[in-house]
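My notes follow in the order I took them.

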Amino acid sequence: LVDSLDNVTIPRDDENKFTVEVIGGWFGFPLLELLINKYGDEIRSIDFFEMDPFCCRVFQRYLKFWDKDFQDIKVFNEDYFKYKSERRTHLIINTSCEHMQDMNTMKSCYITPERTLLVLQSNDKMDEPDHINCVEDCQGLEEQAGIKTLWGESKNMESDGDWWHRFMVMGKW
């Protein structure tokens, strides 16, 4: 995912910095470590939304053991879809769309949604009980989120002989 950001332009503020929201980030690593290592001071702040309290506790412990200053990371142990505060975000990353409602339901919470880059991942593994919102392909993920795709990819995945596909799209509302 982080390497794929080279294929698109991340929107930025007038100081050439950007804000990030990670939704359903589980334990946060290695994603945040990779983002911070690649972009460093270009990142103004990161808001991390994870509903699982155990994942949030583990994530906060990871932050303490890593030799970087994480003052600009806020951890929200709550449902992203209930966080209705109006805000300006440059980059939204959701690697777990199959577990959540459609991202387009949150568009109205952003001051300039047309400038916000969404990086979304999902899959077609519909036989998992907690997968409530799977898609059949990249186009399905794009339509579900209400975005225009700038870049997308599909990967074949296997676990215990069971095959499914994982999709990623990057685009704007």
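Predicted model: local features only at pLDDT ≥ 70, side-chain atom pairs only at ≥ 80, totals over all residues.

Just after α3, I found G146 with a positive phi of about 70°.

Next I asked which residues of α3 (138–145) are buried. I noted C138, L141, Q144 and A145. Seen down the axis, the buried residues of α3 fall within an arc of 125°, so they line one face of the helix. Their cover includes β5 (117–123), β6 (148–159) and β7 (162–172).

I then went to G152, which sits in strand β6. G152 is partly exposed, at a relative accessible area of 37%. Leaving aside neighbours within four places in sequence, G152 is in contact with C138, M168 and V169. The C-alpha atoms of G152 and V169 are 4.1 Å apart, although 17 residues separate the two along the chain.

G40 follows α1 and has a positive phi, near 45°.

For the cores, I started with the largest nonpolar one, which has 26 residues. L5, V20, L35 and L91 have the most contacts inside it. The elements giving two or more residues to this core are β1, α1, β2, α2, β4, β5 and β7. The largest share, five residues, comes from α1. I listed contacts for V20, leaving aside neighbours within four places in sequence; they are L35, I43, S45, I46, D47, T89, L91 and I93. Apart from this core lies another, of 22 residues, including M100, M106, C109 and V169.

I stopped at E50, in the loop between β2 and α2. What does the side chain of E50 reach at 3.0 Å? I found the backbone nitrogen of D52 there. A polar atom of the E50 side chain also lies 2.7 Å from the backbone nitrogen of W26. E50 is buried and has no salt bridge; R57, the nearest side chain of opposite charge, is 11 Å away. Not counting residues up to four places away in sequence, E50 touches G24, G25, W26, C55, C56, F76, N77 and E78.

Last, I searched the whole structure for salt bridges and got 10. One of them joins D6 and K38 at 2.6 Å, N to O. D6 is in the segment before β1 and K38 in helix α1, 32 residues apart. D6 counts as exposed at 55% relative accessibility, and K38 is partly exposed at 30%.

R12 and E42 also meet in a salt bridge, at 2.7 Å. R12 is in the segment before β1, and E42 in the loop between α1 and β2, 30 residues apart.

E15 pairs with R44, with the closest N and O atoms 2.8 Å apart. E15 lies in the segment before β1 and R44 in strand β2, so the pair ties together parts 29 residues apart in sequence.

Conventions
Residues numbered from 1 in each chain as written. Heavy atoms only, no water. Buried < 20%, exposed > 50% of the residue type's maximum accessible area, 1.4 Å probe, protein only. Helix = DSSP H or I, 4+ residues; strand = E, 2+ residues; numbered from the N terminus. Arc of directions from axis to C-beta. Contact = heavy atoms within 4.5 Å. Lys, Arg positive; Asp, Glu negative; His and termini not counted. Salt bridge = Lys/Arg side-chain N within 4 Å of Asp/Glu carboxyl O. Polar contact = N/O pair within 3.5 Å; in protein donor to acceptor, adjacent residues only side chain to side chain. Core = buried A, V, L, I, M, F, W, Y, C linked by side-chain atoms within 4.5 Å.
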